[in-house]
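Have a look at the model first, then go through the points below.

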Amino acid sequence: MNSTDTGASGVGYFPYPTEWLDAESEEIARSVDRWVRTECVEKRLEYREQFEHQMSALKILAGEIGLHRLIWPEAMGGVGFPLPDAASALARAYEEIGRGDPAIGYVSAAAMAVAASILQEEDVPPALIEDLASLFCGDDPATAPLALIPPGLGENGRPARPFISGREVAADMSPGDNGWLLSGSAARPVNSGYTASRFAVFAAAPDGIVLIIIPSDTQGVKKGSPLKTTGLLASVNCDVDFDGVPVADHQVLKGGERLYRRLIPWFTLLTGALAVGSATDVYGLVKDWADSRVIKGKGLLKENPMDAAVLAQVAMDIVTARILIHSQARAVARPAGFSLKGAEELVVFSESISVRVFDCCMHAVNRAMEMMGSAGYAKEWHVEKHWRDIKTMQVLLGGRTPVEMDVARHYYGSSTI
């Protein structure tokens, strides 16, 4: 294990397996680090959570730095990082993004997870790939290319649709006069439903579950009012109705269950890396704060054993979370190296790590806020924003209970939950 200091946030203080990354991957991380400093850290008090600035910063990240082009083939305007080998490089990049603004990273992570899942498919309609490549690799890349609508809790007042891992798909696809029609009410994306260019929707078709990619301005797509949230304010979301939305054949990907099981490891990896980066920035903030705090004029706070123990917990949680997230990245790239024999095993492995990573990161930020007192809750110190963003991600990912049900099904054969 080794570490490379990348900035004042303290990311470099925490070890990670550098042997799983190459020089190009670390150079990308350094480029993102510079973006964090200039577009996020230096402008925090000036712009705070101003949506327009967040989208402007995301456009620089996606386009000028080229984050969204990394995994796309060079023939389509991408950088050509191979999949799934790019997992560790992406984990490093999203750690750095999390230091700056987890909300910006979340919008990107959801879209990149869908893209990675689709690009690993063998039989994708060329028209669909070309459409998505224009969003990710074009001269003016979309800041919110995709809003993901995964299987979830289901829709009240109607018969249940098919399930994936205990979660009900959000819409139906039925034959129409000139193709297919998509229908569903109050479907909730996990990100950017109000602003995204495309929706990625898991739906029930006559011959199985499919993944549909449709423009958000297609006739019959009806967006609700923006939802109020406490965190991830760069991801402006809403409920979406699909009222007989026309769908062409090239917008449909068969094998929805397979795609979902490929998507979850990517999504939990990238969001987990954001949480780790967010927690490391909090570490840097509480460290700066503790360096000059004294206890009743009798010495530095950090030299007091009880206070030092609380500060230590912040660092210990980050050490654990960072090693876990890089282990997950390696497992996504090389599942056989972790004795993972199939997609379901990788999903359960990834979800289990995700729960623990978010637990560690939330505990680290909580302890930092408690130690800092009123400064921890003050907007000027930025710790409270990290708390809100990590907690909101944790909630949107479903928290602990859905993962526990997946683990119970996999390890214990529970079949009725």
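**Helices, a pocket and a cavity**

Just after α9, G373 takes a positive phi of about 60 degrees. Helices here are DSSP runs (H or I, at least four residues), numbered from the N terminus. Keep in mind that this is a predicted model, where local features need pLDDT of at least 70, side-chain atom pairs count only at pLDDT 80 or more, and totals for chains, interfaces and linings use all residues. Residues are numbered from 1 along each chain as its sequence is written, and side-chain values use heavy atoms, with hydrogens and water left out.

- α9 runs for 30 residues and spans 43 Å from first C-alpha to last, close to the 44 Å expected (1.5 Å times one less than the number of residues).
- Helix α8 (residues 305-333) packs against α9 at an angle of about 160 degrees, and their axes are 9 Å apart; axes are lines fitted to C-alpha atoms over the stretch in contact, and angles run from 0 to 180 degrees between N-to-C directions.
- That makes α8 and α9 roughly antiparallel to each other, a label for angles over 145 degrees.
- Sorted by class, the α8 contact with α9 has 18 nonpolar, six polar and four charged residues (Ala, Val, Leu, Ile, Met, Phe, Trp, Tyr, Cys and Pro count as nonpolar, Asp, Glu, Lys and Arg as charged, and the others, Gly among them, as polar).

**The second largest pocket**

- The second largest pocket has a volume of about 270 Å³. On a 1 Å grid over the protein atoms alone, a pocket is an open set of points with protein on both sides within 12 Å along at least five of seven lines, and lining residues have an atom within 4 Å of a point. Points are joined across faces, edges and corners, and a volume is the space filled by probe spheres set on them.
- Of the 14 residues lining this pocket, R261, R262, G342, A343 and L346 are the closest to its centre.
- Eight of the lining residues are nonpolar, two polar and four charged.

**The largest cavity**

- About 90 Å³ of space lies in the largest cavity, a cavity being a set of points where a 1.4 Å probe fits but cannot get out.
- It has 13 lining residues, and E39, C40, R48, H53 and D101 are the closest to its centre.
- α3 (51-64) gives the most to this lining, with three residues.
- The lining divides into three nonpolar, four polar and six charged residues.

Methods:
Helices (H or I, at least four residues) and strands (E, at least two) are DSSP runs, numbered from the N terminus. Angles under 35 degrees count as roughly parallel, over 145 as roughly antiparallel, 65 to 115 as roughly perpendicular and the rest as oblique.
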